[in-house]
Amino acid sequence: MPGPDVVRAFVLEIGLGALLLLVFVANLGIRGADRRVVGWIASWGVLVLAFTSFLVRPAPPALDGMFVQDGLAIFAKRLFLVATFIGLLASLGNAQPAFVRRAGEYHLLILSSLLGMFVLASARDLILLFVAFELMSIPLYVLSGFLKRQEEAVEAALKFFLVGSVSSAVLAYGLSFVYGAVRSTNLATVARASAATEPLLALGLLAAFAGFAFKIAAFPFHMWVPDTYEAASTPFVAWLSVAPKAAGFVALFRVYLEGVGDRAATWMPLVAGLATLTIVAGNLMALPQQNTKRLLAYSGIAHIGYMLVGFAAASASGVAMVLFYLVTYVFGNMGAFLVVEAVARSEGSEATTAFRGLAQRSPLLALAMLIFLLSLGGIPFVAGFWAKLYVFWAAASAGLYWLVLVGAVLTVVALFYYLVVAKRMYIEPPERPGRVQVSATLALAVLLCVGGVVVLGVYPKPLVMAALRVSAPLF
Amino acid sequence: MTLETAGFWVVAVVLLASSLAVVLTPNLFHAVLYLAAALVATGVVFLLLDSPFLFAVQLLLYAVGVMAIVVFAIMLTERLVGERITQTSRHLVNGGVVAAGVFIGIAGFLIRVPRSLPRAPLVGDATPALGRALVGPFALTLELLGVLLVVALLGALYFARADE
Amino acid sequence: MSLTAYLTLAALVFAIGLFGVLTRRNAIGILLGIELMFNAVNINLVAFARFHGDLLGLVFTLFTIAITVAEVAVGLAIVIVIFRVRRTVEADRLDLLRG
Amino acid sequence: MTVPVLSLITWSPFAGALLIMFTARYRPLAVRLIAVATTGVSMVGALWLYAVYDRDAAGFQFYEKVPLVPPLGISYELGVDGISLLLVLLTAVIIFAGVFASWTVTVRSQEFYALLLALVTGVFGVFVALDLFVFFLFYELAVLPMYLLIGVWGSSGEIRPRGIFAWAYRETGVGTKEYAAMKLTLYLLFGSAFILVGIFALYVNAGASSFSFVDLEGVSFAPAVQRWVFLAFYVGFGVLAGIWPLHTWSPDGHASAPTAVSMLHAGVLMKLGAYGVVRLGMGLLPSGAVELAWLMGTIACVNIVYGALSAMAQTDLKYVIAYSSVSHMGIVMLGAATLTETGLNGSVFQMFAHGVMTGLFFALVGLVYEKAHSREIGKMGGFGAVMPGIATAFTMGSLSSLGLPATAGFIAELLTFLGAWRSDHRWWLFPAVAGTFLTAVYVLRVAKQIFWGPPSPHFQHLEDARGPEWVALVLLVTVLVLFGMVPGLAIAPVDTATLPLLARIVGF
Amino acid sequence: MDATVWLPVLVLGLPFASFVLLAVVAPLRRAGRAAGAVSIAAIAAAFLGAVLVWSVGFTREATWTWIPADDGPTATVGVLVDPLANAMLVLVTLVSLLVQIYSLAYLHDERPPSLGRYYTFQSLFAFSMLGLVLSPSFIQMFVFWELVGLCSYLLIGYWYARPTAARAAVKAFWITKLGDLGFVIGIVMLWAATDTFEFRVLFALAQEHALAIEGLGTIMFLIYLGAVGKSAQFPLHVWLPDAMEGPTPVSALIHAATMVTAGVFMVTRAQPLFALVPDVLALIGWVGAFTALLAATMACVESDIKRVLAYSTVSQLGYMMAAAGAGAPDAGFLHLLTHGLFKALLFLGAGAVIHAVGTNDIFRMGGLFRAMPQTGVVFIVGTLALAGFPPLAGFFSKEAILAGVWEADMTGPFLMLALTVLLTAFYMFRVVFLTFFGRAPAAGHPHDPSWTMRAPLWVLAALTVLVGLRLALGDVGAHHGPGWLAPLSVAAALGGIALAWATYQRGVVDPGGLAATFPFSVVDLLARRRYGLDTLYAGLYRGFLLSFSRLIGWIDRYLVDGVLNFLSAWTLRGGDLLRHIQSGHAQDYVYGVAFGVLLLFVWSQWWPR
């Protein structure tokens, strides 16, 4: 029988399960074609959960140590909830028929994927981890093709699905070797096994790494990202670009760093190499992009590279800095996507040229976009700066100066394309007059992101401390 | 040569042959049938590994279930398109090289595994223990799987229905 | 037979599956390749379970099989919707999004 | 409680920027008055600072410290010594003049002034920050607004794609203001990447968990660390200081920038680079400085001669001045590389002198451009008759530029020469002296071409400088001459800072 | 501060005050004549002060810190009053005063603002020249050295709208600056070795033979280079003839009497140091004598009256330098003083002529003596002094130089100088005959100028005579050469006059024919082309410096910056190329995954640890 400890450990999952049921039932109960009220229910529910998550305290491991509600898990879940709330809020105003009539499915899929993330963040068992991973992934395939009448959307869904399934197979294949090598699916046992000497374990961890690398979209596992981001509905993409990535990172930490001690350093060169490739490729490929979403997709890949820099440090501070990075990335990247959504709804175009003269048409929206871009570019006084700085700091502490230099120099390339967007907004004249109309919920979501970016930019300390606190027990 | 060894070689040949057939045959329908053969051969491998329960699962749930869906899909698309279900391959050499490369990579690790790993003694039918594990420590996992299946169904339905 | 033999067999099936994924033009054909890859995972897991005299591998296999089914279901649904919108299931022709 | 005068100086323009953004919409005069008032506060503050700085006590004074991120050892730590004192004064003078020099900006003037003032806060901050981290923050703040300032309010020139890289020129759009803005911003941020790595390397190697300059000064780093970090600082700051061959952003950037921005950028921002090398590079890494002084000095010599020759070849007035900055920054770097008291004093003095001089130049060029609507030297002539005031000021700037005695430029060059001949690489003296001659050639040639010669009927309608513009010109010329005639004004405080620095470098 | 300090400071300060007043108070400057009055008043007062200092005749030095440093000042400023400085003070203030008065009439057609500008510069020049004269250290001398150069530049370019004037101004600046490079390098090296710029310390060291610096010869040579530029010695003399584009009073003051003699003054002042390096001294002597001869030949073929005078100035500066080089700086200095008087006289006289006839070309003048007798008289007095006729001032000083050179056993220079005596007389009387006698061209009604121009002329003429007489009576600083020297030089001068008379007055010798006969033809040809030096410099400037700069400019724009643009273009292009891997085909994306897996496998095995 589940005791109070178990309840404590599962409170968020139980809450989310209840919300799923509620949404399901509500969806059944609604008459008529307009089911957008489901979105409100889901949003409020996520908001309540988000508040709850800040009351949740770590609990001892449950289910024979398979499931753990530690600081890292709670940190990650808060992040998922905030990101999900912003994403749901932004899609509330979406009046496309698919969203109006199929709001039930949409929100059920998002919430179930969120459930997968929740469990993934807490999973300390390979089987649970894999199932959670799949629970997180499969709804995403569906969601990316949610606009099933659009040629691009379904194409994107197929690509996402194919690459995702192959990666899942690779992941499962790797996990099977891990299990075979250590005769246990418990991550604590895996961590205690002697790694490099055991070829099966090495093979398993490498193959599994490829699977995770797909999820976080590291080069060259990233290739689904631009197409999917470009074609799927923007609020969903905003969410897709942050939440599953964060979950992927948490899983990476669990499998590769938690409890392994000094062995963590064996991953350093590999991850550093992958980070370099990802940063370079992401930034270079972003350069020629004319579609803002695609540009942000590639820039997002580069950001994953920066997070991998923190991972490569293979230290508690490195993990903490990646977590911090993820939070700033949630606000900065989601914000940028949401502004694209706002402009695209008004202008009917996602090209960077749609931003021409935005500063003179809607100065506040332009300013918000500028802030997001600066944050993504790693400019001081907005959150992204600290994020980059901290991962660099972590990498430098681990002696990876060359990696820091590569990362820092490539930041300059990144600024090029961010500044191109800034140029469109601030330097070029508008093509037509008039303000850009933004729906209230979308505006609120953008505002939340601005708030996050600015507050973290001005006062990053509490979050940094929290991240350090939750990452310390991993080692 | 024990029975198991002989069985292994036979099954291995069948499995690999049918697998190759899956990826090489031009007729999609045949490919599906070869996949069924491969899956059955896999089931036999499970039998060789003393896991009759999984053999059953493989046969019933997997082979039959998957086959049904696939055939259904082929029929559906064929009906829509009204043409022969042939399929061609692209960049066979490239694909072969890369796939071989991956295999060599894996094999590179496998050859370093000690050959003499003994097979653990058989402990009777594992099926009840399996059941206990599923409702014990893996209860949450099982529940999640349930959600997963529901959601997958939901998604599949969402795509498959022709309304709107 | 030794463990390595089973693992090698699985690896071969995995590679063949990957080959199929890389070379088939028909989306359903690609799906079949993915099936093979997952199948290899199952062989691995069962072999390990048997050689270790361990239950976990079998549990893992059960979950993998179920998940594969779910994947295939979603995959086929996507193929169907693709077909409906684009009138083709040739993966090569689906290149509206590129660059 | 004492007044945090450094914070006041630093943040007053920023407050001005906020005020302008929030209160002065569509009121151009209010914008300008706010700008004058807030930069005036900085100016008065800087003068007061200068007056009460205790020359006997030396060291860092007007110290302020507020912990920001204690676990990482980051704190808001400010202080000035003789070197930064002078540079704060320079910044105050230039921006005060710059506000007047850009009085006639009409397009989106509210944003223009706000960005300009924000940028100035960054510049002040760099000069007064003692915490390396805060230093870096200010550094970035000083660089970034430049993008929009040049991109929106700049002017485009024309450069024909030629040579073996012609296709690259077509690809990048050389000559346009967008190109210049992008090049400048990215180049400087590229440099800041090196700086950041250097700062981190120091922080990590010190193991002191403090970014404070004062704390790090007490650490003696291993020679290898010193060498590499010094190199990183040299390259990183060197980009901003316009060292060859990393200088090419500067001509394009300065030529494209609007008047006040060119003034501030060439006048003050390039000094940030030199200041960084002196303060962080030499101050924290004495043995690295000794080891790499040959490189610094040699490249500085290349800068001097190469910059002057390049300036001579230009046909665009703004480019001439921009390349002259490249040349003059060579003097700054050379003075520092000599590792002698006179050389260092000369270096700092040249920072000041060149700042004022080039500020003056760009103010004048801005005025000429605004009136004649041309930057082509070949198309101008005889302006002396119609704009005698501008001609006089230009002549004054030219004279300082070529190191004529009784202007600040002379003192700087003389001290640098003296230092060079006392350094370990005596031959540095010759290219440096040759540079002054080359400067005389191009600068007087330009002055002759523009202001002398028969007045063209085409330009008869032009007017001399007016009203607020005079404030800028007179202020800058006065400073230039005053410091040239009474060099002790600058050297007395600077000397108190260079001596301890040298004691660390040479006496370690 | 006692009177011995503040009096020279006052002399120095008055023109400075005038300059500042005129520079700052724009209305006053724009008033023109009022500005002139201010400037004249200041310089007159300075003149009185200078006379006072001179008459008392004390020696005094006072210095103040200028560029501070930790262990004693790097550089000091101050005043050094001694007989050398006293004499120069009087000369400078006197000529300045006279020229400024003269200018008032000479430039009365100028617009008031221009005139104000003129007097502003004049005040600045007076201040700078006095500062140079009073310098107690090399550095202060260099400072004022440059400042007088600046004034020269500004005043040559006074009529800046004329392209020729503009060109001449920058040419003067650049060429003298070239010499100054040597000067500044020299004093920097000297400082590095001795830690001081001050004459007093340096001389003391020299006296104690404690100045054993490695490369002192080089240092002194470099310092001498400054004098080469400023005092128009070969090969840097080319700027001075061109400098005649400035107003004539400026030529009289700056390019004859005062500034150009700064080099001589400097060498004289630093004699104790130069004395340590005999090789350099010999070089100075040879170059001086050669310059004297060379300039004289060019003067013989020049038709512009001011340019003739300019070449004559170059020639006379050569004399002074030769004297300094021969170890007879007193003689050179004496010549400096006397030359200052009569050359100013000649220039001002020439100015009066030009003012009257409106041309510089001596072949378009003639018979002017009748029209402007007063000018003629004073001009002839100046000419005789220059030609070296007793008992005029020039005779004695030139005599002393010849004696000094002879006694230094420098036969070559002596011969050149002696020949120059003849040539000097020839070309000066050529001017006199062509200008004041002979047939007058029809145009115009020239007449003697107003009293403001005449008075300075008379004053200078009188001084030329009086100083000559004074020298004839006493033997102030005169060297006693061999007895044959005086007759020889007088004879040479007479010969020159006779030749000029025969050629240009009587017409018995055809100048064209004379020039066509060998060896005169070669000299004539070369002299008319100014020995190719101007062409050489122009060629170096255009063909070398400007071309080289264009090359560097090209390299900077298209190679150095090109590499940058190349890199950035390739970054952009690289992104463009790289995105082709994003082919849009789903299976290619799976290839990505497969490659990634392979990559991980390979790396895990071969990553350098």
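## Interfaces of chain C in the predicted model

**View 1. Salt bridges between chain A and chain C.** In this predicted model, 2 salt bridges are found across the interface of chain A and chain C. In one of them, Arg86(C) pairs with Glu155(A), with an N to O distance of 2.9 Å. The interface also holds 8 residue pairs in polar contact. Helices H6 (126–144), H7 (151–182), H10 (224–231) and H14 (292–312) of chain A each contribute at least two residues to the side that touches chain C. H7(A) gives the most, with 22 residues.

**View 2. Buried surface between chain A and chain C.** The contact involves 43 residues of chain A and 42 residues of chain C. About 3,600 Å² is buried between these chains, and carbon and sulfur atoms give 77% of this area. Glu155(A), Tyr173(A) and Tyr179(A) supply 18% of the area that chain A buries against chain C, more than any other three residues.

**View 3. The salt bridge between chain B and chain C.** Here 1 salt bridge is found across the interface. It links Asp50(B) to Arg50(C), whose closest O and N atoms lie 2.4 Å apart. Residue pairs in polar contact between the two chains number 9. On the side of chain B that touches chain C, H3(B) gives the most, with 15 residues. The residues of that side comprise 61 nonpolar, 14 polar and 6 charged.

**View 4. Buried surface between chain B and chain C.** In this interface, 81 residues of chain B are in contact with 64 residues of chain C. The buried area is about 6,800 Å², with 78% given by carbon and sulfur atoms.

Notes
Residues are numbered from 1 along each chain as its sequence is written. Chains are lettered from A and ligands numbered from 1 in the order in which they are written. This is a predicted model: local features need pLDDT of at least 70, side-chain atom pairs count only at pLDDT 80 or more; totals for chains, interfaces and linings use all residues. Side-chain values use heavy atoms; hydrogens and water are left out. Contact means heavy atoms within 4.5 Å. Buried area is the accessible area (1.4 Å probe) that two parts lose on being put together, summed over both. A salt bridge is a side-chain nitrogen of Lys or Arg within 4 Å of a carboxyl oxygen of Asp or Glu. A polar contact is a pair of N or O atoms within 3.5 Å; within protein, one must be able to donate a hydrogen and the other to accept it, and residues adjacent in sequence count only if both atoms are side-chain atoms. Helices (H or I, at least four residues) and strands (E, at least two) are DSSP runs, numbered from the N terminus. Ala, Val, Leu, Ile, Met, Phe, Trp, Tyr, Cys and Pro count as nonpolar, Asp, Glu, Lys and Arg as charged, and the others, Gly among them, as polar.
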